[in-house]
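The following exercises concern the sequence and model shown below. Each task is followed by a solution in steps.

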Amino acid sequence: MNLVETSMQLTHRGALAMLVAAVGKAEEIGQPQCVVIVDASGVALAEIRMSGAKFLSLKSAKAKARTAASIGAKTTSIPEAVRPLIGLATDGNVTGLEGGLPIVVDGHLLGGIGVGSGSGDQDTEVARAGLAAIGADL
């Protein structure tokens, strides 16, 4: 029985690389975004509200990142039927809104990235750019 395990973790350099790539994609598509990157326990490692992004979208981006990190899947994996109830039960910390993706590298769940302020497709596109910056699974 193992009492101690070695695990991978997302570093601050990795989180910054993801943030820079996500902001670059948001600028490329002309949609200011809020981007939040959390570790596997849901602690924010990096976040930004780009100039022109909706300030309340920072809260939804954080919920998207935490949800993806918690379930190890995209936020839209939360069944539609339970989305309102699970949002209420978790005080808004779990969401089924589009734009949250898990950060998975070599099969290891390292955290989540959440993006908000654009359309669901734009949010997801920006999140994917962040994942690509560190070679995470898309």
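**Exercise 1.** Is Leu 3 buried or exposed? State also where Leu 3 lies and which nonpolar patch includes it.

*Solution.* The coordinates are those of a predicted model.
- Step 1: Leu 3 belongs to the segment before helix 1.
- Step 2: The relative accessibility of Leu 3 is 74%. The cut-off for exposed is over 50%, so Leu 3 counts as exposed.
- Step 3: Together with Met 1 and Val 4, Leu 3 makes a nonpolar surface patch of about 480 Å².
- Step 4: Ser 7 also sits in the segment before helix 1, and at 63% relative accessibility Ser 7 is exposed. Its C-alpha atom is separated by 31 Å from that of Ala 89, 82 residues apart along the chain.

**Exercise 2.** Determine which elements contribute two or more residues to the largest nonpolar core, and identify what Met 18 touches.

*Solution.*
- Step 1: The core has 21 residues, and those touching the most other members are Leu 10, Met 18, Val 35, Ile 37, Ile 103, Ile 113 and Leu 131.
- Step 2: Two or more residues come from each of helix 1 (12-29), strand 1 (34-39), strand 3 (100-105), strand 4 (108-116) and helix 4 (120-133).
- Step 3: Helix 1 supplies the largest share, six residues.
- Step 4: Beyond four places in sequence, Met 18 touches Leu 10, Ile 37, Ile 103, Ile 113, Gly 130, Leu 131, Ala 133 and Ile 134.
- Step 5: Another core, of seven residues, lies apart from this one; Cys 34, Val 38, Ala 61 and Ala 69 are among them.

**Exercise 3.** Describe the surroundings of Gln 31, then contrast the accessibility of Ser 117 with that of Asp 106.

*Solution.*
- Step 1: Gln 31 occupies the loop between helix 1 and strand 1. Its relative accessible area is 18%; the limit for buried is under 20%, so Gln 31 is buried.
- Step 2: Setting aside neighbours within four places in sequence, Gln 31 contacts Ala 26, Ser 117, Gly 118 and Gln 122. The Gln 31 side chain reaches the backbone oxygen of Ser 117 at 3.2 Å.
- Step 3: Ser 117 is in the loop between strand 4 and helix 4 and is buried, at 7% relative accessibility. Although not a glycine, Ser 117 has a positive phi, near 130°.
- Step 4: Asp 106, in the loop between strand 3 and strand 4, likewise is not a glycine and has a positive phi, of about 50°. At 65% relative accessibility, however, Asp 106 is exposed.

**Exercise 4.** How many salt bridges are counted? Characterise the pairs formed by Glu 28, Glu 47 and Lys 64.

*Solution.*
- Step 1: The count is four salt bridges.
- Step 2: Glu 28 pairs with Lys 25 at 3.0 Å, N to O. Both lie in helix 1, three residues apart, about one turn of the helix. Glu 28 is exposed, at 60% relative accessibility.
- Step 3: In the pair of Glu 47 and Lys 62, the closest N and O atoms are 3.3 Å apart. This pair links strand 2 (residues 44-49) to helix 2 (residues 57-71). Glu 47 is partly exposed at 34%, as is Lys 62 at 26%.
- Step 4: Lys 64 and Asp 123 form a salt bridge with closest N and O atoms 3.0 Å apart. The two residues, 59 residues apart, join helix 2 to helix 4. Lys 64 is buried at 3% relative accessibility, and Asp 123 is buried at 3%.
- Step 5: Shared partners join Lys 25, Glu 28 and Glu 125 into one network of salt bridges.

Note on methods
Residues numbered from 1 in each chain as written. Predicted model: local features only at pLDDT ≥ 70, side-chain atom pairs only at ≥ 80, totals over all residues. Heavy atoms only, no water. Core = buried A, V, L, I, M, F, W, Y, C linked by side-chain atoms within 4.5 Å. Buried < 20%, exposed > 50% of the residue type's maximum accessible area, 1.4 Å probe, protein only. Helix = DSSP H or I, 4+ residues; strand = E, 2+ residues; numbered from the N terminus. Contact = heavy atoms within 4.5 Å. Polar contact = N/O pair within 3.5 Å; in protein donor to acceptor, adjacent residues only side chain to side chain. Patch = residues over 30% accessible without salt bridge, like charges linked within 9 Å, V, L, I, M, F, W, Y side chains within 5 Å. Areas by Shrake-Rupley, 256 points an atom, 1.4 Å probe, with all protein chains shown as cover. Salt bridge = Lys/Arg side-chain N within 4 Å of Asp/Glu carboxyl O.
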